[in-house]
Amino acid sequence: MTRIVDTLAEISAQYDALFVDLWGCVHDGVKALPDAVAALQAYRKTGGKVVLVTNSPRPRAGVEKQLVHFGVPDDAWDTIATSGDSARSAMFQGVVGQKVWFIGQPGEEKFFQPLHLLDDPMTIEQVPLAEAEGIVCTGPEDPHADPDVMRPQFLMAKQMGLKLLCANPDIVVDRGHQREWCAGALAKLYAEMGGESLYFGKPHPPIYDLARRRLSALGKVVSDDRILAIGDGILTDIQGAIGEDIDSLFITGGLAAAETKTLRQPDPNALSDYLEKEKSSPTYSIGFLR
């Protein structure tokens with residue numbers, strides 16, 4: 001059974017590092033969440049390290065710019081691991097071929113900028129679906145459209161035997177008060193249609209490997225039992241933490257606010273029913289990061 005806590009400070013002394021989700025925890029897709037920022041600033045003052053672990057398809061530099069735009073100060077975190085960087089590394093190693101069909105929104109072409117982590121990255125060429133060797137998806141072209149609109153193209157892609165590289169395993173996010181579809185919804189649809197989708201963000205291992213490498217680069221050697229993962233996605237943040245055998249703090253006031261009847265804190269019975277339904281067991285739960 002998960003333990004409901006009132007503040008991060010109640011439990012943070014047990015941990016030397018935090019793996020913190022962004023969307024729904026530190027910002028709402030529009031602006032920073034002040035209580036969350038204050039909690040992370042206070043934690044860092046005790047000597048703890050904060051690794052922002054996000055399923056954003058953006059490179060790390062792009063997420064840094066986004067944080068400035070949202071008003072998240074740089075003294076609330078130490079380093080960033082993105083699903084985008086993890087997926088880009090795989091793409092430039094040729095995991096879906098050299099000629100790729102790109103699914104995404106304008107402005108996300110930075111995903112294809114050279115990656116300096118690799119000694120000999122493959123040259124990637126964007127081509128129409130009919131000429132493609134694979135698919136790269138950073139998100140739907142229209143985040144408000146039903147993912148089913150992609151069925152005709154996905155049927156052709158499956159018949160061609162193409163693999164789909166998913167740069168963001170999230171199914172949905174809430175931008176302010178509006179819900180949007182993410183790349184994970186398209187990857188899920190493609191897999192359900194019989195195609196092969198490849199994932200590099202939470203809850204899958206590659207992004208946790210990247211997060212640990214980012215943490216190590218700070219000069220901080222931290223054992224898994226001294227890491228706490230924080231997030232509002234039960235199928236991404238919490239499932240990923242459980243898979244990595246690290247403790248987790250579930251933010252119930254994010255994606256599962258309605259199911260857990262969260263106002264300031266979750267309703268204990270609603271939370272219990274929700275976790276039983278999802279077959280999940282976060283170490284701790286809290287309404288909002290504070």
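Colleague: Helices here are DSSP runs of H or I with at least four residues, strands are runs of E with at least two, and both are numbered from the N terminus. With that settled, where does His27 lie?

Modeller: His27 lies in the loop between strand 2 (17-20) and helix 1 (34-45). Keep in mind that this is a predicted model, where local features need pLDDT of at least 70, side-chain atom pairs count only at pLDDT 80 or more, and totals for chains, interfaces and linings use all residues. Residues are numbered from 1 along each chain as its sequence is written, and side-chain values use heavy atoms, with hydrogens and water left out.

Colleague: Is His27 buried or exposed?

Modeller: His27 counts as buried because its relative accessibility is 1%. Buried means under 20% relative accessible area, exposed over 50% and partly exposed in between, with a 1.4 Å probe and protein chains only.

Colleague: And what does His27 touch?

Modeller: Not counting residues up to four places away in sequence, His27 touches Leu22, Ala32, Leu33, Leu67 and Phe70. Contact means heavy atoms within 4.5 Å.

Colleague: Switching to the sheet: what's the strand order?

Modeller: Seven strands form an open sheet, ordered 1-14-13-12-2-3-4, with parallel pairing. Strands pair if DSSP finds at least two bridges between them.

Colleague: Which strands stand at the edges?

Modeller: Strand 1 (3-4) and strand 4 (79-82); each has a single partner strand, so one side of each has no neighbour in the sheet. Strand 4 runs parallel to strand 3 (residues 49-54), joined by four bridges, and Val51 has Thr79 as its bridge partner in strand 4.

Colleague: What does helix 7 touch in the sheet?

Modeller: Helix 7 (residues 234-244) packs on the sheet, touching strand 12 (227-231) and strand 13 (247-251), and its direction makes about 160 degrees with that of strand 13. Those axes are lines fitted to C-alpha atoms, for helices over the stretch in contact, and angles run from 0 to 180 degrees between N-to-C directions. Just after helix 7, Asp245 takes a positive phi of about 60 degrees.

Colleague: OK, nonpolar cores. Which residues touch the most other members of the largest one?

Modeller: Leu8 and Leu249, in a core of 31 residues. A nonpolar core is a set of buried Ala, Val, Leu, Ile, Met, Phe, Trp, Tyr and Cys residues joined through side-chain atoms within 4.5 Å. Helix 1 gives the most to this core, with five residues.

Colleague: What else is there?

Modeller: A second, separate core has 19 residues, among them Val127, Met150, Leu162 and Cys166.
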